[in-house]
Amino acid sequence: MLLRGENKMIQRKISKLSAIGILVILSILLISCGGQSTPTPAATAPGSAPSGATAVPPTTAATEIPPAQLTGSLNVLDWAGYDQSDFWIDFKNTYPKVNVSFEIGASDADIYSKMKAGDQADIFHPYTGWLQFYVDNGLVQEIDTSKLTNWNKVSDSLKKLGQVNGKQYFIPWDWGYSSILYRTDKIPGGVTSWNALMDPKFKGHISMWDDGPGAVTVSAYIHGYNETNISADQLTAIKQEWIAQRSLNLFYWSGEPELIQGMQSGDVWVAYAWQGTYAQLLSKGVPVAYITPTEGRNSWVGMYGIRKGSPNTDLALKFLDQKLGVATGNNVVNEFFYGDSNQDVMNGITDATLKKAFSINDPTILQHTNFTPNLTAAQRDAWTAMWTEVKAAP
Amino acid sequence: LPDQSMLDRRGTFWILALPPMIFLGIFFLTPLLLMAVFSLRPDLNGSLFQAWTPTLGQYGKVIGVSSYWHLLGLSALMALVVAVVAIVLSFPVAYFLAFRAGKRAGFYLVLLLIPFWTSYLLRVMAWKFMLGSEGVINSFLAFTGVINQPLTALLYNRTAVVVTLIYVWIPFSTLPILAALQRIDLALFEAAADLGAGRFQQFLRITLPLSLPGVLAAFFMVFIPTVGEYVTPLLVGGSSGNMYGNIIQDFFTQAANWSVGSALSMIMLSATLILVFVATRLINFRSLLE
């Protein structure tokens, strides 16, 4: 038995320790919460400046200053990974004295929300489907393509995708496919259609992308609906289809690493996937095939826009021009396995795996490809609501 | 002078209370009010600060969706299970620390808190490696020859979410119970023993009733945030392990539809408050605390 005094002392000690414990927990919670809300970029770009350095006078007389001497700063709202200097290396080499700082967006909706809330980024990076909103809300300015020396290297079909209401508001840059990816060892018979995602044979081994509009697109391909004009009845049918699919689906992926891990471990046999996943699995030696479904592939394109009212418009144009450079494009192709809008880059690909991933040897591939149409606000809201009801269904 | 000392005391109160009040006002109350305001906004068209006519349209849109209500009920049920199990598991730990660990109590407490040295996200990810088909449990079972095919039922379902959340909350729920147990005057046990009460009787009549304020604090500390949880289901829940928080998150991060997201948040907030209010009515707090 302990003595009273001794016991009291221990108690006091414990109380003190619990207080310290609670403090430790609170501080760690604060740190980890902070970590969750701001995704850490894969690597900090060398030469990037703190975002406070944007208040620099407009560089109107820039043409007379040699590029190597040009100073100023640019703020870019981009996706994690694209902040690495590899993906703007032409600009970095040509304009070494310009400070480029990055802010990271987690999704198209996140980037749109940030711009909408008054983000001061000079340049931002949305994808096909989301372009109309920026124009409708006056968040983007028309681009003077005569100032882009690399513009003639971009194909007309891609240029057109960057136009809204007949004006060139966006510069196409990275692009890729969405299609069905499957493990050839687990499904020796192969699959031919988007409805492989609904096949009960693959129960517990299917992974769909976590995205309402993506789900509508897949259903539209399978049933031959007009994706730009989905009726209320069709949307109800689509909802029922995905509710039924949920019991077959292992998890909805939201980022490529999640899907890559799932397919590599053998948990996932068949998935909705971008070709970045395909190329990365191939390079890891995982037996996978990326099909051209009978209904056709889907294709998406990443665009750069310049914020309306940006004080650095001239510099931003130079940045976008250099974004279209060959060295930058080669890095996109070789490191992320995405296509580049500069045709010289795509024509220069020799690697067999990459050629396969982009279907470069298939001259008819574009005929089998459905480009993602622009969403309207009503479609975006209705389709996401449909998707949340799929997730919430009992 | 008594008046002077009163003034001093009041001054001390404001000096101590004002900084946290300002902080909470700016970073908690204002966002909460903004969310309430946004839930009445018809859409996000136009500038954020332009005038608009308040509407209950967003509430109308989501109130009729039965699956949202179902998921809210399910999330509350999951939170209840998580809170109860976490308390049942952490009570013995707190009891041990308060009465049995002696001089080593501090050391054990630090051991309990060590998981907090890594981020919440990492600890949840660790469970993915525990439960996955190539994870620790499956590898061990395969190594020992118990199974040929990996068990897939461990991960990507609602049970995985509940198990992970219980793990995450155990240290949290231990602390308030420990604090309550420490406040018990040890003389009570001596008196009880003198009067012939056995160990079990002492526990039932002294330890348990006097620990209840801590137990209740632990319960609400776990229950309330768990209702709105979304990170854990996202990582280990798979397609069928979603919680209400994931629906809210989708409206903010996938649809950029702040109005509906805010309306859903306000509904969850109200529902949780009502549940807590009913619970406090059913349990007579005053008699517990006296």
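Modeller: Eleven residue pairs are in polar contact across the interface of chain A and chain B, both residues of a pair being at pLDDT 80 or more. A polar contact is a pair of N or O atoms within 3.5 Å; within protein, one must be able to donate a hydrogen and the other to accept it, and residues adjacent in sequence count only if both atoms are side-chain atoms. The model is predicted, so local features need pLDDT of at least 70 and side-chain atom pairs count only at pLDDT 80 or more, while totals for chains, interfaces and linings use all residues, and side-chain values use heavy atoms, with hydrogens and water left out. Residues are numbered from 1 along each chain as its sequence is written, and chains are lettered from A and ligands numbered from 1 in the order in which they are written.

On chain A, the elements that give two or more residues to the side touching chain B are α1 (4-37), α3 (108-116), α8 (256-264) and α14 (377-392). These are DSSP runs numbered from the N terminus, with helices (H or I) of at least four residues and strands (E) of at least two. α1(A) gives the most, with 17 residues. The residues on this side of chain A divide into 20 nonpolar, 16 polar and 13 charged; Ala, Val, Leu, Ile, Met, Phe, Trp, Tyr, Cys and Pro count as nonpolar, Asp, Glu, Lys and Arg as charged, and the others, Gly among them, as polar.

In total, 49 residues of chain A are in contact (heavy atoms within 4.5 Å) with 51 residues of chain B. The two chains bury about 4300 Å² between them, 60% of it on carbon and sulfur atoms. Buried area here is the accessible area (1.4 Å probe) that two parts lose on being put together, summed over both.

The rule finds one salt bridge across the interface, where a salt bridge is a side-chain nitrogen of Lys or Arg within 4 Å of a carboxyl oxygen of Asp or Glu. The side chains of K391(A) and D250(B) form it, at 2.6 Å from N to O.

Confidence qualifies part of this picture. pLDDT, the predictor's confidence in each residue from 0 to 100, stays under 50 over residues 1-11 of chain A and over residues 27-62 of chain A. The model has twelve contacts beyond four places in sequence for residues 1-11 of chain A and 47 for residues 27-62. Chain A has a mean pLDDT of 84, with 84% of its residues at 70 or more. Chain B averages 88, and 94% of its residues score at least 70. Within chain B, helix α13 (residues 285-289) has the lowest mean, 58, and helix α3 (residues 66-100) the highest, 95. The model as a whole scores ipTM 0.85 and pTM 0.81.
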